[in-house]
Amino acid sequence: MYDRVREADPAVADSLDDEVGRQRETLAMIASENHVSPAVLEAQGSALTNKYAEGYPGERYYAGCEYADEVEQLAIDRAKELWGADHVNVQPHSGTQANMGVYLAFLDPGDRILSLDLNHGGHLSHGHPANFTGQTYEVEQYEVDPETGYIDYEGLHQLAEEFQPDIVVSGFSAYPREVEFERVQAAADAAGAYHLADIAHITGLVAAGEHQSPVGVADFVTGSTHKTIRAGRGGIIMTNEEHASEIDPAVFPGGQGGPLMHNIAGKAVGFEEALQPEFEEYAAQVVDNARAMAEVFRDQGLHVVSGGTDTHLVLIDLRDSHPELSGGTAEEAMEDCDLVLNANTVPDESRSPFDPSGIRVGTPAMTTRGMDEAAVSEVAHLICDVLDDHDDPAVREEVGERVAALCADYPLYEDL
């Protein structure tokens with residue numbers, strides 16, 4: 001695949017080959033990751049990488065954009081069909097930049113954001129002080145109920161009335177339950193605020209009907225295009241025609257320059273794949289697999305936050321079952337066995353965010369490989385084995401051998 005790269009730069013070619021090998025030989029369980037198709041990879045490596053196309057289809061600032069226009073319009077039209085949106089902007093380079101586009105369009109510095117706390121499953125771009133949002137706007141955050149692990153919607157509603165935000169943000173990076181967008185909208189309405197629904201993690205689940213949709217409920221819907229939807233890497237903004245005239249100039253030229261047309265080509269191809277009937281089967285399997293893993297974890301005595309999952313991820317709080325084990329140590333032990341997941345903060349976190357108390361397990365990439373409930377249940381048991389004996393080299397070797405067998409049974413990128 002990288003023969004031309006090897007001729008020009010053997011060092012980079014070696015790293016690229018090694019990365020393909022790493023993905024083939026490990027089980028990816030980072031909830032924000034997936035494996036796109038060879039067609040999406042090919043589109044993202046296309047000659048559109050050469051083309052500046054500042055502006056929007058039919059209204060570019062450079063000549064020679066007729067095919068860029070065609071590709072971007074295809075991505076827009078397919079996104080409208082997938083999510084039922086009136087207006088779609090496919091140019092944001094990431095989910096965070098999609099959120100930035102909304103903030104730039106409808107907030108002034110010092111305005112107020114109400115969002116889910118990072119330790120309770122939120123995202124950096126929702127107002128964390130390390131992010132531009134926390135440095136530019138006044139932020140208050142709602143939480144999950146410490147007993148149930150579910151969002152405290154009554155507390156959110158009360159906080160919205162007290163804080164009077166300009167925008168309420170729903171969505172998550174590590175919340176395992178379905179978001180009740182109508183209840184968030186009611187809180188936003190009570191405060192006279194906009195509602196931004198960030199579906200970065202669940203774009204594919206929403207498109208397939210596996211999670212309720214905020215389109216038509218929230219004022220703005222943002223997301224990533226490379227997670228559960230398996231399209232080209234980047235972001236997306238969906239809104240109504242009323243807000244379109246403010247959103248588009250906030251993305252370009254407000255927040256970024258020329259669009260990455262090769263990524264937009266990848267989005268278009270991935271969206272077309274998601275419009276096929278088999279994608280709904282895939283999305284349903286993603287959720288079934290996550291629930292199967294959660295059941296194993298519960299049966300093995302782990303504290304599964306909220307008791308289970310409605311989505312593609314499971315969040316485990318290690319403090320009860322393995323008080324001596326941090327999320328960071330668990331992550332390192334798993335990676336040594338070719339199980340790739342991530343340490344994650346949990347509600348009422350008591351450790352540093354750089355070495356938190358939990359781990360997050362996602363099923364999109366394993367499902368793309370063709371794994372079903374039985375296969376991922378075996379993976380869940382392997383995770384438990386590592387947690388129980390993370391310092392035992394024999395256990396790590398045995399788990400690593402079983403992971404290698406699973407990777408062989410469910411191969412990836414055989415034709416690359």
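Select Gly-223 to begin: this residue stands opposite Ile-236 in β10. The model is predicted, so local features require pLDDT of at least 70 and side-chain atom pairs count only at pLDDT 80 or more, while totals for chains, interfaces and linings use all residues. Residues are numbered from 1 along each chain as its sequence is written, and side-chain values use heavy atoms, with hydrogens and water left out.

**The strands around β10**

Strands (E, at least two residues) and helices (H or I, at least four) are DSSP runs numbered from the N terminus, and two strands pair if DSSP finds at least two bridges between them.

Next, select strand β4 (residues 87-89), which pairs with β10 in the antiparallel sense over three bridges.

Now display the side chains of β10. In a regular strand the side chains alternate between the two faces of the sheet. Here Gly-235, Ile-237 and Thr-239 point one way, Ile-236 and Met-238 point the other way, and all are buried. Buried means under 20% relative accessible area, exposed over 50%, and partly exposed in between (1.4 Å probe, protein chains only). Because five of the five residues of β10 are buried, the strand is largely enclosed by the rest of the structure.

**Helix α11**

Move to α11 (residues 261-274), a helix of 14 residues. From its first C-alpha to its last, α11 reaches 20 Å, close to the 20 Å expected at 1.5 Å a residue; the expected span is 1.5 Å times one less than the number of residues.

Eleven of the 14 residues of α11 are buried, so the helix is largely enclosed by the rest of the structure. Among the buried residues are Met-261, His-262, Phe-271 and Ala-274. Their cover includes α3 (38-44), α4 (66-83), β10 (235-239) and α12 (277-299).

**The domain interface**

Finally, colour domain 1 (41-275) and domain 2 (282-409), as given by the domain assignment of the protein; these bounds come from an automatic or database assignment. The contact (heavy atoms within 4.5 Å) takes 24 residues from domain 1 and 24 residues from domain 2.

The two domains bury about 1,900 Å² between them, 58% of it on carbon and sulfur atoms. Buried area is the accessible area (1.4 Å probe) that two parts lose on being put together, summed over both. Select Asn-119, Pro-176 and Arg-177, which supply 31% of the area that domain 1 buries against domain 2, more than any other three residues.

Which residue forms a salt bridge with Arg-177? The partner is Asp-310, with the closest N and O atoms 3.0 Å apart. A salt bridge is a side-chain nitrogen of Lys or Arg within 4 Å of a carboxyl oxygen of Asp or Glu, and the count between domain 1 and domain 2 is one.
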